[in-house]
Amino acid sequence: MIGERTLPDLTRDLVTQLGDLVSNEAKLARVEVSENFRALSGGLVKLVFAAALAAAAVTLGLFALAYALAEQMPMWGAALIAAAVGGAISYFVFKGSRKTLSPDHLALPRTAAQVSRDVRLVKEHVPS
């Protein structure tokens, strides 16, 4: 029985391979998080810029609405209606942005799939 390996050798190999497996999964997760962060930060810069321009445009539009309404009613009433319109727009934009920023968009699908494959592989090769 020259070619057979002992139980301590097999255990050592198993521990080494499991350590390598965990290390590789951690590297994959780091790469995936890094990619997600880069994409998120680039999108965030564009979002902030767009939000600043949109805020200026909406403000000017609400002023125009208030002045147009002031032709038919007191200025305070026109300003109140314009503020209500602005508040409603803000509410719906905020509500929509919460869905976009949900934790589902921060998931690590490749890492999760790889870990599932690794667990399945280990279960197939380790007797119960």
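Entry 1, ground rules. I number residues from 1 along each chain as its sequence is written, and I use heavy atoms for side-chain values, leaving out hydrogens and water. As the model is predicted, local features need pLDDT of at least 70 and side-chain atom pairs count only at pLDDT 80 or more, while totals for chains, interfaces and linings use all residues.

Entry 2, salt bridges. I searched for salt bridges (a side-chain nitrogen of Lys or Arg within 4 Å of a carboxyl oxygen of Asp or Glu), and I found two in the structure. One joins R5 to D13, with the closest N and O atoms 1.4 Å apart; the other joins the side chains of D9 and R12 at 3.1 Å, N to O. I looked up where D9 and R12 sit, and they are three residues apart in helix α1 (residues 7-70), hence separated by about one helical turn; helices here are DSSP runs of H or I, at least four residues, numbered from the N terminus.

I took under 20% relative accessible area as buried, over 50% as exposed and the range between as partly exposed, with a 1.4 Å probe and protein chains only. R5 is partly exposed at 48%, D13 is partly exposed at 29%, and D9 is also partly exposed at 29%.

I checked α1 against helix α3 (residues 109-125), and their axes come within 9 Å and cross at roughly 165 degrees; axes are lines fitted to C-alpha atoms, for helices over the stretch in contact, with angles from 0 to 180 degrees between N-to-C directions.

Technical notes
Helices (H or I, at least four residues) and strands (E, at least two) are DSSP runs, numbered from the N terminus.
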